[in-house]
Every structure is written in C-alpha cells, then in structure tokens.
Amino acid sequence: MIIRKRLAAGTCVLFAALTMGLTPVGASAADNPDGQPTAAPKVELVLDVSGSMRARDIDGGSRMAAAKQAFNEVLDATPKEVELGIRTLGANYRGEDRKVGCKDTAQLYPVGPLDRTEAKTAVATLAPTGWTPIGPALLKAADDLNGGDGSRRIVLISDGEDTCQPLDPCEVARDIAAKGINLTIDTLGLVPDAKTRDQLSCIAEATGGTYTSVRHTDELTDRVGQLVDRAADPVVNPVAVEGAKECTGAPEIKPGLYADRETFGEHRFYRVAVAPGQELRASVSVAADRAVNKDYGVLLRAVTEHGREIVRGSEAGDGRTDVISTGLRYPKPEQNDDESDEAAAETVCLQVSNSYSAPASVKTTPGLPVELTVDVVDAPSAASDLAAFGLGRGWWLLGALVLTGFAAGVLWGWISRWRVAVWRTN
C-alpha cells in the first residue's frame, strides 16, 4: 500500500513537471502600446435615501447606516486612478407631492479626482427622507458620466421599487444602452422583495451589468468595493457601428470590437477587407435583454459582395441563457503570380442574423444588443498549421501524456514483478 501511494505521488509529480515544462507562458500585453494617456475610469455611486432606508433590518442597524459604513470603507480603498462621484435619490424632499418627489435626485459629490475627507463628510449628512425616483436618477447619472473614452459604471443601491412610474427604470436603462456610450449599470438590492429584485435585475441586464442581493453590511461593502475596483481594470470598449440591411452600402470595419442593435428577426451586414494570405476571424454575441420566446438562433455568415456564401457559423438556444454566440474563420489563399493586387484583394461581407421573437406584451425597440468581434491575421502557411487533426499545439501535451503513461506502466510492472519475486522467495 505504501509503495502504491509513493508511486502514485511520483507519477503525479512527473506529469505536473512535464505539463508545466510544455505549456507556453503567455506574455502580458503592454498597457497602452501607443503611448497615449488613457482616459480615467469613472464611477458614480447612486444611493437610495428614501424613507424606507430607515428600516432596521441589516445586522441590527438601519439600512442607511449600513450604506454609510460601506461607502466610508469603499472611499478609503478606491484606486487613485478612478474618478468617483456620488448621487442620491429621495434625499431632500420630505413632502407628499409626487410630482416634486420624482424630481428629487442630486449629485452629492461630483465625478472627478477623489477627496476622501470631503466625500465622507458629504455622506455623513444623509438622512432617509423621500421618494424613490430611480429612473430620473439613472438619467442624471448617465449625464454625470458623459464624455471621455474610459470605462464608465453606475452602481445603484436601493431597497425598493421605483415610485415614479410611468418612467420605467428598465426602459431608461435600455435607452442608455442603445446610445452606445459604453456605460454599465450594476445594481444592489438591500433586503429586496420579489418586485424590487426583478426591477433591479432588469436594469442591470439591460446594460450588461450585474445584480446582487445584499442582507449584511459586510456583503454591501465587499460588493461595492469589487465594482469600483473593476472599473479600474483595463477594458476594451466596443465601437458603436450601425450595420446595413444589404452588403452594398454596409459600413467597412477593421479589426476590433463593435457594438450594434438588431431588431427581432433582422439581418445586418458589415464589410471587411481581406488580403491574400490573411485569415478572417469573426464572432458575434446577441443578448436577450428582455423576455423572449423560446427556441431562437443566431447566424453569422461570410459572403462575397455578390451574395455567394463562403462560410457560416450558427448557434441555437431554448431560453436557458441570455446570451448566444457563434463565430467563423476564413483563410484567403495566397496571391497567384499572374493576379493583380486589385483583383486579388477581397471584400468579405459579414451577415449577422437572429431568429428571436418577442411575446405580445414585450416592446421590440430598441433592438437587441449585438457585439461583433473582428480580427484579420496571417493565414497558416502550411497544412499542418491549419488543424493538426483538431489538436494544433496540443499534440505536444498529448505526446507528454502518452510518454508519462508508458513510463508509469513500465515502472509499475517492474515493481509488481519485484514484489512477486520477493513474496515467492519468502
């Protein structure tokens, strides 16, 4: 038994050593390779200060006290490169006039370089007061973050539904996403009921954000801190583009990440130039940011300018996921000696189609969020580079596993024979 355990441990060590030795270590990409100064990431914390925040159901204290404690700790830990602001909703009007109460949103601390003492002093003055105008607050917060190319994030903290209908905060979030301003809204629900949870989830999903249910002070602190830190991480912001209904007149795009909106059952086209000896790689994701009927699909086709299909990728869904993706690859052969440069060049049209449909009660505008990734690289120069039977460089790892298994088998057989010989001798 001892011999078996030692042999198993030795085999694991040998396998780990081979794997580590054969696995290439990826070099980290240099930040900002063009040498240009990057735009500072911006975050605005939007806090519900309505009357319900007086409730004392978070670790024996009020919801307002938990929010203040979380804000103070997050302000201490905010990365220096993040420009942070604070906006409130329901913090100033104490009356019963709904029309006035639904305008009660104000910027407590402007978005910019953080003065921690000043920001903490402003937070300390807050007291639960009025209504819950989430929709108007989101509109104002989007304006606060307007301008610049850096990442932008709204973190909304609320304990109840919006009380200022018919301005639906979900529709507000969808309109913000449709503007293509690369703004993400994350939501946190303090001790939420089902209706609050549904509304805050809808707001977050519309912009690709996250929703979190919070019932303890430390959970609130940790989550807000994570979201602020995430804004400081380097990101690639998609470029807004509008595809055409036909290949003729479609926008010509270069390698990069693009964002668009596509209505239910629509086809959109984009043009990409591919030179001889290059390979086009493209992928698309379509998100269902609202309720849709089950059984849907996404199709990505590469076609010539005359409509002949070159290659396609497709994927189907049945309602179990909110995002569906597919991709394709097209290697263009090298140029012939007798072929002119103009004749050899090719414009490939990428067609993005979806088969989503919406229930009768769901609005179909704006369209569904589309994210398109395009890359053009040097095509493989040899047949062995194309697939290698689907393994590519994985042949090295497969070979290592075969050799490891063979060596372990021989060693185990030798030890077994030695043990039998010893047993017979004794």
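Hi everyone, let's start with Cys247, which is buried, with a relative accessible area of 9%. Please keep in mind that what you see above is a predicted model.

Who is the partner of Cys247? A disulfide joins Cys247 to Cys349, with an S to S distance of 1.7 Å. Cys247 sits in the loop between β7 (239-240) and β8 (256-262), while Cys349 belongs to strand β14 (residues 346-354), so this pair ties together parts that are 102 residues apart in sequence. Cys349 is buried too, with a relative accessible area of 0%.

How many disulfides does the structure hold? There are three, so let me walk you through the others.

Next, please find Cys102 and Cys164, which are joined by a disulfide with an S to S distance of 2.0 Å. Cys102 lies in the loop between α3 (98-101) and β3 (105-112), and Cys164 in the loop between β4 (152-158) and α6 (169-178), so the bond links parts 62 residues apart in sequence. The torsion about this S-S bond is about -95°, so the disulfide is left-handed. Are these two cysteines buried or exposed? Cys102 is buried at 12% relative accessible area, and Cys164 is buried at 6%.

Then come Cys170 and Cys202, whose sulfur atoms are 2.3 Å apart in a disulfide. Here helix α6 holds Cys170 and helix α7 (residues 194-206) holds Cys202, so the pair ties together parts that are 32 residues apart in sequence. Both Cys170 and Cys202 are buried.

Finally, what is the pairing if we number the bonded cysteines of the chain in sequence order? It reads 1-2, 3-4, 5-6.

Notes:
Residues are numbered from 1 along each chain as its sequence is written. This is a predicted model: local features need pLDDT of at least 70, side-chain atom pairs count only at pLDDT 80 or more; totals for chains, interfaces and linings use all residues. Side-chain values use heavy atoms; hydrogens and water are left out. A disulfide is a pair of cysteine sulfur atoms within 2.5 Å. Helices (H or I, at least four residues) and strands (E, at least two) are DSSP runs, numbered from the N terminus. Buried means under 20% relative accessible area, exposed over 50%, partly exposed in between (1.4 Å probe, protein chains only).
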